[in-house]
Amino acid sequence: MVKTAKVKGKKRIKLAPYMLLIPWFIGMALFRVYPIIASFINSLYQFQPIRGTREFIGFDNYTRILFDFPHFWDSVRATLTYVLLGTPLVLIMAFFVAFILNFKLKGVNLFRTAYYIPSILGGNVAVAIVWSQVFGGNGPVNAVLSIFGVDPISWIQDEFFAPFTLIFLSAWQFGSVMLIFLAALQNVSPTLYEAASIDGAKKTRQLFSITLPLVTPVLLFNTVNVLLRHFQEFNSAYLITMRGPNRATDFLVILIYEYAFRRMQFGFALAMSMMLLLIIGILTLIVFITSKYWVHYSD
Amino acid sequence: MQKRKISKTQINAAIRYVILIIVGFILIYPLLWMIGSSFKHNIDIFGNLNILPPAGRWTFEHFPNAWQLTSRNTMVFYYMNTLRFLIPQVVGQVISCTLAAYAIGRFEFPGKKIIFTIVMVTLLMPELAFRIPIFMLYRDLGLLDTFASLYIQNFFAVNSFFVFMIIQFMRTIPRELDEAAEIDGCGPLKTLIYILVPVLRPIIITVGLLTFMWGMNDFQGPLIFLRSPDNRVLSLALRMILQDYEVTHFGQMFAAAFMALIPTLAIFFACSRYFVEGVTQSGGKE
């Protein structure tokens, strides 16, 4: 009796993980693998939205994007400006605040929670509403500037400042990144600092020789995450600056959205989407390849 | 000498507190300003930094107006519509991600490495890249403009972020626990439900809460998949008032934004522990 149960149990366990993964297999096939294949195939077609037909055109969508569609390059520039300024800003702010919170201060939990609120509200449309007024012509930001004698800035309508309005909104949501840094900092063994102070290392020296190297694996994780989040930013540019002014915030995801869902030119939109994937892929690859030189693994 | 040293550490601590309080105030100010402005007359809102309305000039008229969010429907209607896709999203996400994480985190089987790699790679892929082909698929299946189009995916553990999060948490639970259950004759599913789920409770709650919050904030999904006014969810309705009210009804706009954020804020304050711990987990130890 006992024996058969055991054999039965063993057999079940061998199959068990696959059974448990059935939903996952279906999900990956239907919502991840199929979309990538379908994306590529359909990017070789031209869609006729009115007739609902499509026509094979080879790589024409791609050549048109590269050589005959300046809006694409405007969007590449807008996206990269946002990504390359926003990512470091979020990382630096998050690390700085985590570093201060890591000193054993009273009330750390309260601050931790308060700093996390913007991350939770994140892309909510209500936040976009508030942000567009905070940075509006007579809003509080300009009111602060006027105290320092600075003329009001049209944060939303000015080509130079509009991207910064959105970058600040992203920086405002640094909380979740900060929490991950903080957890890493709290894992650094205090004996390392004790040994360093006995050796006479100053606090700044300790920061650069002990703290920073030990959190680099988490820095890599955060960098890739924040980078991807910035590439995908849609709500703020769509709702606050409304892609303008003069396309300064017309991010690639919004251009793709327009061509796919407003103009129903799926082939063209998908070709742009493949280009976006390529750009993201190249940038993440650069981060990973260079990480060999700046990520420090302790074990 | 001793005295000087103490005062120096005290000064350092004071500087840190000042920085933390200033940063915290700047972060929370936009929200306080939003709340305060929803009680102000329009002329009192701009051109100053005040959070509260001037003394004796409080007004409560914006709230009833904002409650009637659009000419067609009140806020309740949009909240209910939002819940109609949010609740299935949360349920599906929690169940499917726990199952997948259990299989990957607790079993040794051929192909496990590949599966874990796929989880990590899909972690790096932007959601939008999948949305166009899924839209075309749903269009062919007649699923457009249904709430199902927003939550079907959640039943298939496609969100690798959450699968990964649960795997990380599971690593901290000793394997002896499920081995003991196995010896007692529990099958894998029973082990999961009766032994692991009670221990996994905090991370499961985190996954549910984060799914809820992301769904609440999602604007792109409803914008793409929903069409008819009857299916309009809160984020879409709020976007309409952003366009319509802007001309004059500022107080009303702030009141609407405030009311739209109340549930999110309430849930956050009630469960902030789960959020903070969950995010800390996701960073991983390696």
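Mentor: The model is predicted, so local features need pLDDT of at least 70 and side-chain atom pairs count only at pLDDT 80 or more, while totals for chains, interfaces and linings use all residues; side-chain values use heavy atoms, with hydrogens and water left out. Residues are numbered from 1 along each chain as its sequence is written, and chains are lettered from A and ligands numbered from 1 in the order in which they are written.

Trainee: Why are α11(A) and α14(A) called roughly antiparallel?

Mentor: Helix α11 (residues 203-231) and helix α14 (residues 266-294) of chain A cross at roughly 165°, and their axes come within 11 Å. Axes are lines fitted to C-alpha atoms over the stretch in contact, with angles from 0 to 180 degrees between N-to-C directions. Angles over 145 degrees count as roughly antiparallel, and α11(A) and α14(A) are therefore given that name.

Trainee: Which classes of residue make up the contact of α11(A) with α14(A)?

Mentor: Contact means heavy atoms within 4.5 Å. Among the residues in it are A:L219 and A:F231 of α11(A) and A:L283 and A:W294 of α14(A). The contact has 13 nonpolar, four polar and no charged residues. Ala, Val, Leu, Ile, Met, Phe, Trp, Tyr, Cys and Pro count as nonpolar, Asp, Glu, Lys and Arg as charged, and the others, Gly among them, as polar.

Trainee: What makes α8(B) roughly antiparallel to α10(B)?

Mentor: Helix α8 (residues 160-170) of chain B packs against α10(B) at an angle of about 160°, with the axes 10 Å apart. That angle makes α8(B) roughly antiparallel to α10(B).

Trainee: What lines the second largest pocket?

Mentor: A pocket is an open set of points on a 1 Å grid, with protein on both sides within 12 Å along at least five of seven lines; lining residues have an atom within 4 Å of a point. The second largest pocket has 19 lining residues, with A:W131, A:F135, A:V141, B:I26 and B:L27 nearest its centre. By class, the lining has 19 nonpolar, no polar and no charged residues. The largest share, six residues, comes from α1(B).

Trainee: Why is a space called a cavity?

Mentor: A cavity is a set of points where a 1.4 Å probe fits but cannot get out. The structure holds two cavities of 30 Å³ or more. The second largest cavity has a volume of about 30 Å³, and its lining residues include B:T82, B:F85 and B:D218. The lining divides into five nonpolar, three polar and one charged.

Methods: Grid points are joined across faces, edges and corners, and a volume is the space filled by probe spheres set on the points. Helices (H or I, at least four residues) and strands (E, at least two) are DSSP runs, numbered from the N terminus. Angles under 35 degrees count as roughly parallel, over 145 as roughly antiparallel, 65 to 115 as roughly perpendicular and the rest as oblique.
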